[in-house]
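Subject: Structure for your review

Dear colleague,

Please find below the structure that I am handing over to you. A summary of the findings follows it.

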Amino acid sequence: MNELAEPFSMSQPAVSRHLKVLERAGLISSGSDAQRRPRKLEARPLAEATEWLEAYRKYWEASFARLDSLLSELNATEKKPKRVAPKKR
Amino acid sequence: MLFPDSFKVSTPSDREIRVTRSFEARRRLVFDAFTKPELVRRWLLGPPGWSMPLCEIDLRVGGAYRYVWRSEQDGSQMALGGVFREITPVERLVATERFDDAWYPGEALDTTVFVETGAITTTTITILYESQEARDTARRSGMEYGMAAGYERLEKLLPTLTGEPT
């Protein structure tokens, strides 16, 4: 705890609260030693979140790329002068 | 000119996922592409190897929409539907969203906003889940699903999709 708090201009209880939040989120785990409780960074949940975001991005990117093509087609159709307009009767 | 760099995915709150993208088109056209079934079917096809055999949209407040996707590989299906809650033509759509085989609890609420600047339309889709747990469950399965779709096939497909029609 003391070691972890050292680099921050933050009270020890504040650092302790942050650690608790990180631990609840599964982002760190704490071991136990005689006098120390060394914290370990758990990278897996973060990696999972990043992977998910990446997969989600790819899915939408592919859809939006198709939408780009569709829209440029619609744009072209709009700009084209109308063929002989059907006569109103 | 295309705007792939404008594409952003974010999580503005514990219960939301937001997707933003700009398109080179008047928003009337972008709105049409999101609400006319014959246009939606041309781009919202799901992951590579999937098609969209059914796309029904009853664009009225209280009207329903329904999308069905099918995997050409194994014939498995995935369906999604909901009801429109709010429609402001060309500007804003609010609709509920629920998958048939919902892997997350409850319904989600989708808000789609179209903002036109010059001839560019920026579209923001925000999906609000019932709880953080629901969002995270949706995220997790979304990840597995995305992985299963295979990046490689997707990478191959992308260049052919971005080509301008002649």
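Of the 89 residues of chain A in this predicted model, 12% count as buried. Chain A has three helices and two strands, and from the N terminus on its elements follow the order α-α-β-β-α. Among contacts in this chain between residues at least 6 apart in sequence, those joining residues at least 24 apart make up 7%.

Helix H2 of chain A covers residues 12–24. H2(A) is hardly covered, since the count of buried residues among its 13 residues is zero. Gly26(A), which follows this helix, has a positive phi, near 75°.

Turning to chain B, its eight strands form an open sheet in the order E1-E2-E8-E7-E6-E5-E4-E3, with antiparallel pairing. Strand E1 (8–10) and strand E3 (50–57) of chain B are the edge strands, each pairing on one side only. From one strand to the next, the twist averages 20°. Within the sheet, strand E6 (residues 92–99) and strand E7 (residues 108–117) of chain B run antiparallel and are joined by six bridges. One residue pair to look at here is Glu97(B), whose bridge partner in E7(B) is Ala108(B). Helix H1 (residues 27–35) of chain B packs on the sheet, where it touches strand E2 (16–24), E3, E7 and strand E8 (120–128) of chain B. The direction of H1 of chain B makes about 155° with that of E7(B).

The nonpolar cores bring the two chains into one picture. The largest nonpolar core has 18 residues, and those with the most contacts inside it are Leu67(A), Leu70(A), Leu71(A), Val30(B) and Ala33(B). Helix H3 (44–79) of chain A, together with H1 and helix H2 (37–40) of chain B, each supply at least two residues of this core. H3(A) provides the largest share, eight residues. Leaving aside residues up to four places away in sequence, Leu70(A) touches Ala33(B), Leu39(B), Arg42(B) and Trp43(B). A second, separate core has five residues, among them Tyr65(B), Tyr67(B), Leu93(B) and Ala95(B).

With kind regards

Note on methods: Residues numbered from 1 in each chain as written. Chains lettered and ligands numbered in written order. Predicted model: local features only at pLDDT ≥ 70, side-chain atom pairs only at ≥ 80, totals over all residues. Pairing = 2+ DSSP bridges. Helix = DSSP H or I, 4+ residues; strand = E, 2+ residues; numbered from the N terminus. Axes fitted to C-alpha atoms, helices over the stretch in contact; angles between N-to-C directions. Contact = placed C-beta atoms within 7 Å. Expected span 1.5 Å × (residues − 1). Buried ≥ 20, exposed ≤ 12 C-beta atoms within 10 Å, placed from the backbone. Core = buried A, V, L, I, M, F, W, Y, C linked by C-beta atoms within 7 Å.
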